[in-house]
Amino acid sequence: MIQEFKTFIAKGNVMDMAVGIIIGAAFTAIVTSLVGDLINPLIGLFTGGIDFTNNYAVLAGDVAEGASLEAARETGASVFAYGAFIMAVINFLIIAWVVFMLVKSVNRVKDAAAKEEEAAEEAPAGPSELDILMEIRDALKK
């Protein structure tokens, strides 16, 4: 069983997956900061600061009028936090759009690099060193 585990861990796919997960976690932090610190404030500027996070409905319990969602939860009331869900969906859509644009840019760069490689492969190589030496030899014989 230990040998099987060593074989499993030593496979390249497992290591690639581990590296991908680590990079994905770091990338998530970057994208979350991009959305939360840069994009959402700009959207708030254009929409007049609309924030649905504190929109909720009290299902059971007593909550003071105008209390924040966090304050309502602290009182022990049962709340239906639809605003937090709406903001999570909006953030997801923004993050998905940013990731889409990033992947699209990376694919464009990859395609350009592939076209350059194809063009380099298709270019005539010219005479080889052996061909040039044979021409020099033939010229000297004359």
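So, pLDDT is the predictor's confidence in each residue, from 0 to 100. I'm opening with that because what we have here is a predicted model. Across the protein the mean pLDDT is 81, and 95% of the residues reach 70 or more. If you go element by element, helix α1, residues 2-10, has the lowest mean, at 79. The highest belongs to helix α5, residues 129-141, with 88.

Okay, on to the fold. What are the elements? There are five helices and two strands. Starting at the N terminus, you'd read them off as α-α-β-α-β-α-α. Now, is this thing a compact globule or more spread out? It's more spread out, because the radius of gyration is 31 Å, well over the 14 Å that the globule rule gives for 142 residues.

Next, the surface. Of the 142 residues, 11% count as buried. The accessible surface comes to about 11,600 Å², and carbon and sulfur atoms account for 66% of that. For charges, we've got 10 positive side chains and 18 negative ones. The centres of those two sets sit 12 Å apart.

What about contacts along the chain? Take the ones between residues at least 6 apart in sequence: 48% of those join residues at least 24 apart.

Let me finish by zooming in on one residue, methionine 101. Where is it? You'll find methionine 101 in helix α4, which covers residues 82-122. Is methionine 101 buried, exposed or partly exposed? Its relative accessible area is 34%, so methionine 101 is partly exposed; buried would need under 20%, and exposed over 50%. And if you look along the sequence to alanine 88, that residue and methionine 101 are 13 residues apart. In space, going C-alpha to C-alpha, methionine 101 and alanine 88 are 20 Å apart.

That's my tour, thanks.

Conventions: Residues numbered from 1 in each chain as written. Predicted model: local features only at pLDDT ≥ 70, side-chain atom pairs only at ≥ 80, totals over all residues. Heavy atoms only, no water. Helix = DSSP H or I, 4+ residues; strand = E, 2+ residues; numbered from the N terminus. Rg over C-alpha atoms; globule rule 2.2 N^0.38 Å. Buried < 20%, exposed > 50% of the residue type's maximum accessible area, 1.4 Å probe, protein only. Contact = heavy atoms within 4.5 Å. Areas by Shrake-Rupley, 256 points an atom, 1.4 Å probe, with all protein chains shown as cover. Lys, Arg positive; Asp, Glu negative; His and termini not counted. Charge placed at Lys NZ, Arg CZ, Asp CG, Glu CD.
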